[in-house]
Amino acid sequence: MTARSHELHRVTTPVLEIAYHRTGERRRKADAPVILLHGFPYDARAYDEVARLLAEAGRQVLTPYLRGYGPTGFLAEDTPRSGQQAALAQDLVEFMDALGIRRAVVAGYDWGGRAACAAAALWPERIHGLVTAGGYTVQDIARAMEPAAPEAEHRYWYQYYFHSERGRRGLEQNREELCKLLWRLWSPTWAEAEQAFAASAPSLHNPDFVDVAIHSYRHRYGLAAGEPCYQVLEDRLAELPPVTVPTVVLVGEENGVIPPADQTGTERFTGPCEVRTLPGVGHNVPQEAPAAFADAILSLPG
């Protein structure tokens, strides 16, 4: 068994052709596959080492590129390039459907953690267990314009930047420079960030990357309309539904965008939930602490 294959696989869902890596094989039929979901502005390479560790432990791992990243693409030119949370959650479930996966363990951070949390809340029968770096990340859009403490607000400068046409053009024209800056600010103690960024940077040149990212950061503040096809799901997410499946929350103590105190939301996890704090780890938890991330997945019921 090879621990990691960089050969791309592809699967077609109703909206996307999703590119993904498949690592390892299931040793026991009862084991649920593991789906690993990256965030903004990262890609599937964030999970190279996590996938290797899980494969060595006998788990099958699927690592898709989210909409707007890497080789994943929209099937139709006229499909709106939505980045809203309901779209990301729907993509995850449709990915599972296309591969014939009834239930999976899902894990993620940033956008990927949001997709995983939302799917676990909306479709608990499909999610066997959850690992989320950053805690409960379903967006409370109705209260998005309520100001946070200044210490938190200054960390979100990039989101406010993306609300303007200047920010859109900045992301379009300076995407690598801007995203590399975010990596550095969000993971200030991660010595390997520059080398890792070079491996992931090509995924930021997906033709839909800017449109999906800008829509995401405007929709979450109520500054851009969502797509009607996702409204039923958005209405359900607006209720901030609880997550009832077994969960491990990973908290990076050196997260440069979300302070540790804001990374749990444990009251929304009503099933078994364990919080693990990771000293010296920033925002990109799976790439900075792959052993801890893999161990959290393996600690859940298979």
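A: Helices (H or I, at least four residues) and strands (E, at least two) are DSSP runs, numbered from the N terminus. The model is predicted, so local features need pLDDT of at least 70, side-chain atom pairs count only at pLDDT 80 or more, and totals for chains, interfaces and linings use all residues. Residues are numbered from 1 along each chain as its sequence is written, and side-chain values use heavy atoms, with hydrogens and water left out. The chain has 12 helices and 9 strands.

Q: Where does aspartate 110 lie, and what is its phi?
A: Most residues other than glycine have a negative phi, and most peptide bonds are trans. Aspartate 110 has a positive phi, near 55°, and is placed in the loop between β6 (104-109) and α3. Leucine 240 also has a positive phi, near 50°; this residue is in the loop between α10 (231-237) and β8 (247-252).

Q: Which form, cis or trans, does the peptide bond from phenylalanine 40 to proline 41 take?
A: That bond is cis, with omega near -10°. Proline 41 belongs to the loop between β3 (34-37) and α1 (48-56).

Q: Is aspartate 110 buried or exposed?
A: Buried means under 20% relative accessible area, exposed over 50%, and partly exposed in between (1.4 Å probe, protein chains only). Aspartate 110 has a relative accessible area of 13%, and therefore counts as buried. Glutamine 159, in helix α5, is buried because its relative accessibility is 6%. Contact means heavy atoms within 4.5 Å. Leaving aside neighbours within four places in sequence, glutamine 159 is in contact with Tyr217, Arg220 and Tyr221.

Q: What is the volume of the largest pocket, and which residues are closest to its centre?
A: Rolling a probe the size of a water molecule over the atoms shows where empty space is left. On a 1 Å grid over the protein atoms alone, a cavity is a set of points where a 1.4 Å probe fits but cannot get out, and a pocket is an open set with protein on both sides within 12 Å along at least five of seven lines; lining residues have an atom within 4 Å of a point. Grid points are joined across faces, edges and corners, and a volume is the space filled by probe spheres set on the points. The largest pocket has a volume of about 1,200 Å³. Of its 39 lining residues, Arg114, Val138, Gln139, Asp140 and Tyr156 are the closest to the centre. The largest share of this lining, 3 residues, comes from α5.

Q: How many cavities of 30 Å³ or more are counted, and which element gives the largest share of the lining of the largest cavity?
A: The count is 1 cavity. The largest cavity holds about 110 Å³ of space, and α2 supplies the largest share of its lining, 4 residues. Its lining residues include Leu16, Ile18, Arg67, Asp91 and Phe95.
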